[in-house]
Amino acid sequence: MSHAAPIYLNLSEKLTALIRSGTFRPGDKLPSIRQASRENRVSVTTVLESYHLLEGQGLIESRPRSGYYVRPPSYPSVPLTRAATYRGKPVRIETSAIFETVMDLVENRDVIPFAAAAPDDSIISLSKLPSLAAAVFRKYGAEASRYTPPMGRRELRLALSRRLLVCGVKVMPDEIVTTHGATEALLLALRATTKAGDLVAVESPTYFGILNLVRDLGLRAIEIPVCQKTGLCIESLRKALGKFQIAACVIQPNFQNPVGCVMPPDNKKYLANLSAIHHFTIIEDDVYGDLGHSGERSSSISLYGGDVIHCGSISKTIAPGLRVGWVIPGQHLKQIKYLKTIQCPWNATLSELIIAELLDQGGYERHLRRIRKIYATQCAKMRDEVIRHFPQSCKVTQPAGGFVLWVEMPQGFDSEAYTVEAILRGISVVPGTIFSPTLQFKNCFRLSCGAAFVPSSFDALKSLGQLASYHLVP
Ligand SMILES: Cc1ncc(COP(=O)(O)O)c(C=O)c1O
């Protein structure tokens, strides 16, 4: 055993030389552990140590139930050419006919799920939720299945008031209203701050659920471009504020869906100041805030003052089906409490108590550290595969957090027709059009890296790459 170190180093040096010289090329499979052990007359442990070293150096990667492969070189981030155009005029939000088809696929287990921005079932162990549920029933008995008070279970609001300190949100439990996921939080925030016909600033591209709410409430939208480096373009918003009366601005400052960018602290501060000067509400959607790939927790805009309503949920970090979310209404507390009491006064008691228990037991930070790594690795793998298999003219984001990639193809590419053909091949993606109020981004689409990467994911990306080449306009 004492001689194992030099042998595994020798073996890894030999393999490195073979990779560098092109004998093994990106995507090639390395000999299996047993085969390498036989061929090199070393123990299985030595081969494993050597492969782990190469994996740590980023030269190779292990693929579940498949083996070790040479990794493609890590590609630098290429800026997207096309932030949305700032059109400077209010619009009514359009819907694309393909929207319902894409939504129908979200929970379809027969397709390779690159459409749904949902975490894999495995991010929380299958036994964890039942054991938390059992603990809740032991502790609360029948109370666990009774109605919640309209503001939600106090246990959860207490746990959240402690938890939210990590991003700079300082609130008392009685200043929090719990909701059915972030969707209900956003709906309450919009209802409390706008009336039909009002103008709302939205990011472009943005999560389509936000656009649906704005349209459904009879509001008009003004599209503010999102740039890959700094998120919402503050300068465009400033221009819009100079020209129009804007009631609210819905923004995802941290790991924006679909671009994956973070708004720098100075811009957050500036935005908070703008809200105070121009009297509009910042509706902050922070569902991805805990999922920064570097491990650092980006702050909430409310840290910098201004009129901010903070919305969040556990849908991306624990389980979307539990439907646990929250809204921190700030100065709109009275109105949001009133609306909640009318709109949907009771939440899912068991779900809320489970999440309160989970947060109280400790270990949530450890859980986040683990899943951040999983998402970072999955995004990197998927990005590498896109770069390897898609036409060279394609550009893909390198998200700083979360788990979605935004792919930009050359002008003329029709992502809706592409989506339909991808579905026929058993793969779901989301076309770019539904991320814009005016159906911009026809040449873009979103890929989710939330689901576990399995051998069929690699085949699916190869197939999507081929399909993208057929769809290129000559
Ligand atoms: C940016 C963003 N906000 C809100 C939501 C909705 O979250 P929830 O499932 O908690 O309602 C999603 C879901 O995809 C999202 O991506």
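At 1.5 Å a residue, the 13 residues of helix α7 should span 18 Å, and its end C-alpha atoms do lie 19 Å apart, which agrees. The expected span here is 1.5 Å times one less than the number of residues in the helix. Helices (H or I, at least four residues) and strands (E, at least two) are DSSP runs, numbered from the N terminus. The structure is a predicted model, in which local features need pLDDT of at least 70 and side-chain atom pairs count only at pLDDT 80 or more, while totals for chains, interfaces and linings use all residues. Residues are numbered from 1 along each chain as its sequence is written.

Of its 13 residues, 12 are buried; a residue is called buried if 20 or more other C-beta atoms, placed from the backbone, lie within 10 Å of its own, exposed if 12 or fewer do, and partly exposed in between. Among the buried residues of α7 are Gly-181, Ala-182, Thr-183 and Glu-184. The helix, residues 181–193, also gives the most to the shell around the ligand, with three residues. Of the 14 residues around the ligand, Gly-181, Ala-182, Thr-183, Ser-313 and Ser-315 come nearest. By class, this shell holds five nonpolar, eight polar and one charged residues; Ala, Val, Leu, Ile, Met, Phe, Trp, Tyr, Cys and Pro count as nonpolar, Asp, Glu, Lys and Arg as charged, and the others, Gly among them, as polar.

Turning to the strands, eight of them form an open sheet with mixed pairing, in the order β4-β11-β10-β9-β8-β5-β6-β7. Strands β4 (177–179) and β7 (231–232) stand at the edges with a single partner strand each, so one side of each is left without a neighbour in the sheet. Two strands pair if DSSP finds at least two bridges between them. Strand β10 (residues 308–313) pairs with β9 (residues 281–285) in the parallel sense over four bridges, and Ile-309 of β10 is the bridge partner of Ile-283. With β11 (residues 325–328), β10 pairs in the antiparallel sense, again over four bridges; here Val-327 in β11 is the bridge partner of Cys-311. Both faces of β10 are covered, with Val-308, His-310 and Gly-312 buried on one side and Ile-309, Cys-311 and Ser-313 buried on the other. In general, side chains in a regular strand alternate between the two faces of the sheet.

Five of its five residues are buried, so β13 is largely enclosed by the rest of the structure. Val-404, Trp-406 and Glu-408 lie on one face, and Leu-405 and Val-407 on the other. Two bridges join β13 to β12 (residues 395–396) in an antiparallel arrangement, in which Lys-395 stands opposite Glu-408. Strand β16 (residues 444–448) also runs antiparallel to β13, joined by five bridges, and Val-407 stands opposite Phe-445.

Finally, Ala-159 is found in helix α6 (residues 154–163). This residue is buried, with 22 other C-beta atoms within 10 Å. Leaving aside residues up to four places away in sequence, Ala-159 touches Ala-356, Leu-359 and Asp-360, where contact means that C-beta atoms, placed from the backbone, lie within 7 Å. Ala-159 and Ser-393, in turn, are 234 residues apart in sequence and 48 Å apart in space, C-alpha to C-alpha.

Conventions: A residue is near a molecule or strand if its C-beta atom, placed from the backbone, lies within 6 Å of it. Two residues are in contact if their C-beta atoms, placed from the backbone, lie within 7 Å.
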